[in-house]
Amino acid sequence: MNLLVIRHAEAVPLGHEGVDTDEARYLTDAGREVGGLLSRTLQRHTPSLALILTSPLVRARQTAEAIVTAWPDQAPILEETPLLAPGGRRRKIAERLREYSFDTIAIVGHNPDLSELVGWFIGEKNLGLDLEKGGVACLQFDDHPSKATGLLSWLITPAWCEPSS
């Protein structure tokens, strides 16, 4: 299985236009644009993406929706799960991923949780990875994801994604 670990794109700060909770922060215009760029990049590099699990927080859900909306044919299934909200438990996330038999799944969530999750999956507690907003880490597993069984095969930032020409 391949697992794409995606950090939500850029969101408005607390206090912006009445946004008074972290959960309600929504994507900026630049963040929405990054979602489309990610979609086009993922279509080229992981066309078998079948499912996107997303945090219920607005900015993560909007990032996932932007990826699905820009997918031309057979867009990935989109499911929301509280497991990907900040503070989600790694083992519970791994258990949820084991429920699926797809070749490629993506998860969309938040830091520092996602960076720590990548380290947990590859067996490096002190990895020191800081997944950039709109960044993607691709992990490969011989079987289903679990602790210390993954291989980090690539990592991209939004700057690496090219606009369609």
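**Ground rules**

I am working with a predicted model, where local features need pLDDT of at least 70, side-chain atom pairs count only at pLDDT 80 or more, and totals for chains, interfaces and linings use all residues. Residues are numbered from 1 along each chain as its sequence is written, and side-chain values use heavy atoms, with hydrogens and water left out.

**Entry 1: salt bridges**

I looked up the salt bridges, meaning a side-chain nitrogen of Lys or Arg within 4 Å of a carboxyl oxygen of Asp or Glu. The count comes to eight.

I started with Asp-22 and Arg-59. Their side chains form a salt bridge, with N to O at 3.1 Å. Asp-22 sits in the loop between β1 (2-7) and α1 (29-45), and Arg-59 is in helix α2 (residues 58-69), so this pair ties together parts 37 residues apart in sequence. I take helices (H or I, at least four residues) and strands (E, at least two) as DSSP runs, numbered from the N terminus.

Are the two partners buried or exposed? I call a residue buried under 20% relative accessible area, exposed over 50%, and partly exposed in between (1.4 Å probe, protein chains only). Arg-59 is buried at 4%. Asp-22 is partly exposed at 27%. I also noted a network of salt bridges that links Asp-22, Arg-25 and Arg-59.

Next came Arg-61 and Glu-65. This salt bridge has an N to O distance of 3.9 Å. The two residues are four apart in helix α2, which means about one helical turn separates them. Arg-61 is partly exposed at 25%. Glu-65 is partly exposed too, at 34%.

Then I checked Arg-90 and Glu-116. Their closest N and O atoms are 3.6 Å apart in a salt bridge. Arg-90 is partly exposed at 34% relative accessibility. Glu-116 is partly exposed at 39%.

**Entry 2: the end of β2 and what follows**

I moved to polar contacts, which are pairs of N or O atoms within 3.5 Å; within protein, one must be able to donate a hydrogen and the other to accept it, and residues adjacent in sequence count only if both atoms are side-chain atoms.

Thr-54 belongs to strand β2 (residues 49-54). It is buried, with a relative accessible area of 1%. What does the side chain of Thr-54 reach at 3.3 Å? I found the backbone oxygen of Ala-60 there. A polar atom of the Thr-54 side chain also lies 3.5 Å from the backbone nitrogen of Arg-61. Arg-61 is the residue I logged above in the salt bridge with Glu-65.

Ser-55 is in the loop between β2 and α2. At 0% relative accessibility, Ser-55 counts as buried. A polar atom of its side chain lies 3.1 Å from the backbone nitrogen of Leu-57.

I also looked at Leu-49, in strand β2. Leu-49 is buried at 3%.

**Entry 3: positive patch**

Which residues gather in a patch of positive charge on the surface? I listed Arg-89, Arg-91, Lys-92, Arg-98, Lys-125 and Lys-147. Patch members have over 30% relative accessible area and no salt bridge; like charges are joined within 9 Å, and nonpolar side chains (Val, Leu, Ile, Met, Phe, Trp, Tyr) within 5 Å. Lys-147 is in the loop between β5 (136-141) and β6 (150-156). It is partly exposed at 47%.

**Entry 4: backbone geometry**

I noted a cis peptide bond between Asn-111 and Pro-112, with omega about 10 degrees. Pro-112 is in the loop between β4 (104-109) and α4.

Gln-74 is not a glycine, yet has a positive phi of about 40 degrees. I placed Gln-74 in the loop between α2 and β3 (77-80). It is exposed, at 77%.

Ala-148 also has a positive phi, near 60 degrees, in a residue other than glycine. Ala-148 lies in the loop between β5 and β6. It is partly exposed at 47%.

Definitions and conventions:
Areas by Shrake-Rupley, 256 points an atom, 1.4 Å probe, with all protein chains shown as cover. Lys, Arg positive; Asp, Glu negative; His and termini not counted. Charge placed at Lys NZ, Arg CZ, Asp CG, Glu CD.
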